[in-house]
Amino acid sequence: MRDIIPKTLPFLLLASLMILVLLIVAMASVPPVSRDALTHHLAVPRLYLEHGGIYETPDIIAAYNPMNLDLLYVLPLLWANDIAPKYIHFLFALATGVLIYGHLRRRLSPSYGMIAVLLFLSLPVIIKLSITVYVDLGLVFFSTAALLGLVKWKESNWQTRYLLLAALCCGLALGTKYNGLVVLMLMSFF
């Protein structure tokens, strides 16, 4: 019995992860209905498309927030697709899972990495954010990448390229949402 569990664990973890991803993709396959998605994250890029570039919108206060990820939503909006931005947002959750897996696979084992990814992606807040058109999962991705860049910088005997990668990811987090200031502050302390 003990020999069976270690051999089937990676398969069970992968199957569970695939089922979770398919369920999230199915839940995200409906048009957006959240207020922020309709009044900010999709509306402002749509106005940019209608006016042929970045456009002054003094009536929409949220248009003055950082717009890194919102500008990615312009591409599917070109073809009048308002569901694809949900998938773009979910891709940042998957990319964060890849970062978590890669970090833990080297430190512990591939099985622990898969367990961590499964736990991360199955958090209720991550599932909720994965089926909406927001920017929070992009912030989580860039913050995680900045932190792991600093860890790699220390582990590699202070090679500059890892510090620059961490700084770039921190800057992208700042350009995603104002909460990226917390990332900048924490990274500065580290």
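Colleague: To begin, how many helices and how many strands does the protein chain have?

Modeller: The protein chain has 11 helices and 0 strands. Helices (H or I, at least four residues) and strands (E, at least two) are DSSP runs, numbered from the N terminus. Please keep in mind that this is a predicted model, where local features need pLDDT of at least 70, side-chain atom pairs count only at pLDDT 80 or more, and totals for chains, interfaces and linings use all residues. Residues are numbered from 1 along each chain as its sequence is written, and side-chain values use heavy atoms, with hydrogens and water left out.

Colleague: What percentage of the residues in the protein chain is buried?

Modeller: Buried means under 20% relative accessible area, exposed over 50%, and partly exposed in between (1.4 Å probe, protein chains only). Here, buried residues are 41% of the 190 residues in the protein chain. As for its extent, the C-alpha atoms fill a box of roughly 65 × 40 × 25 Å along the principal axes.

Colleague: How do I describe two packed helices?

Modeller: Two packed helices are described by the angle between their axes and the distance between those axes. The axes are lines fitted to C-alpha atoms, for helices over the stretch in contact, and angles run from 0 to 180 degrees between N-to-C directions. Take helix α9 (residues 136-155) and helix α10 (residues 160-174): their axes come within 8 Å and cross at roughly 160 degrees. Therefore α9 is roughly antiparallel to α10. Angles under 35 degrees count as roughly parallel, over 145 as roughly antiparallel, 65 to 115 as roughly perpendicular and the rest as oblique.

Colleague: Which residues of α9 and α10 meet?

Modeller: Contact means heavy atoms within 4.5 Å. In α9, L139, F142 and W153 are among the residues that meet α10, whose partners include Y162, L163 and A166. By class, this contact of α9 with α10 has 13 nonpolar, 2 polar and 1 charged residues. Ala, Val, Leu, Ile, Met, Phe, Trp, Tyr, Cys and Pro count as nonpolar, Asp, Glu, Lys and Arg as charged, and the others, Gly among them, as polar.

Colleague: At what angle do the axes of α6 and α9 cross?

Modeller: The axes of α6 and α9 cross at roughly 25 degrees and come within 8 Å. That makes α6 roughly parallel to α9. The contact of α6 with α9 divides into 11 nonpolar, 5 polar and 3 charged residues.

Colleague: Is G97 buried or exposed?

Modeller: G97 has 2% relative accessibility, so this residue counts as buried. G97 is found in helix α6 (residues 84-107). Apart from neighbours within four places in sequence, G97 is in contact with V117 and F120. The C-alpha atoms of G97 and L121 are separated by 7.3 Å, while the two residues are 24 residues apart along the chain.

Colleague: Where do the buried residues of α3 fall, seen down its axis?

Modeller: The buried residues of helix α3 (residues 43-51) are V44, P45 and Y48. Seen down the axis of α3, they fall within an arc of 100 degrees, so they line one face of the helix. The arc is that of the directions from the helix axis to the C-beta atoms. These buried residues pack against α2 (35-41), α4 (68-72) and α5 (74-78).

Colleague: What is the phi of A80?

Modeller: Phi of A80 is near 55 degrees, a positive value in a residue other than glycine. A80 sits in the loop between α5 and α6, and is exposed, with a relative accessible area of 65%.
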